[in-house]
Amino acid sequence: MGVIKSEKFTLAEIMTTSELAQELDYNQAYVLRLAKEHLTEGKEYRSAGRRNYLFSPEALKKLEKVITTKEGE
């Protein structure tokens, strides 16, 4: 299995599912559904245990764009 290379982030920049949901002002279940549909696992987010994920700052930017697009429809 190949290693996906990406930018390095500080611990302060990495968000949990709960933190990401708060930042986006949506519930965690909806944010996870969006993440699984629009983000790359292993690059923009990864599992950190049962029903808990860690997200990069890029994930926040992408999901903000997705939500903005959905609200404009």
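This is a predicted model: local features need pLDDT of at least 70, side-chain atom pairs count only at pLDDT 80 or more; totals for chains, interfaces and linings use all residues.
Let me start with threonine 16, which has its place in strand β1, where helices (H or I, at least four residues) and strands (E, at least two) are DSSP runs, numbered from the N terminus. Residues are numbered from 1 along each chain as its sequence is written, and side-chain values use heavy atoms, with hydrogens and water left out.

Leaving aside neighbours within four places in sequence, threonine 16 is in contact with Asn52, Tyr53, Leu54 and Phe55, contact meaning heavy atoms within 4.5 Å. Of these, leucine 54 is the bridge partner of threonine 16 in β3.

That brings me to the sheet. Three strands form an open sheet in the order β1-β3-β2, with antiparallel pairing, and two strands are said to pair if DSSP finds at least two bridges between them. The edge strands, each pairing on one side only, are β1 (15-16) and β2 (45-47). Between β1 and strand β3, residues 53-55, there are two bridges, and these strands run antiparallel. Helix α2, residues 28-38, lies across β2 and β3 and runs at about 65 degrees to β3; for such angles, axes are lines fitted to C-alpha atoms, for helices over the stretch in contact, and angles run from 0 to 180 degrees between N-to-C directions.

Now to threonine 17, which is found in helix α1. Threonine 17 is buried because its relative accessible area is 1%, and, not counting residues up to four places away in sequence, threonine 17 touches Gln28, Leu32, Asn52, Tyr53 and Phe55.

How do the two helices α1 and α2 pack, and at what angle? Their axes are 9 Å apart and the angle is about 100 degrees, which means that α1 is roughly perpendicular to α2, given that angles under 35 degrees count as roughly parallel, over 145 as roughly antiparallel, 65 to 115 as roughly perpendicular and the rest as oblique. On the α1 side the contact is made by Thr17, Ser18, Leu20, Ala21 and Leu24, and on the α2 side by Gln28, Val31 and Leu32.

Finally, a word on the loops. Aspartate 25, in the loop between α1 (17-24) and α2, has a positive phi of about 60 degrees although it is not a glycine. Arginine 51, in the loop between β2 and β3, also has a positive phi of about 60 degrees without being a glycine.

Conventions: Buried means under 20% relative accessible area, exposed over 50%, partly exposed in between (1.4 Å probe, protein chains only).
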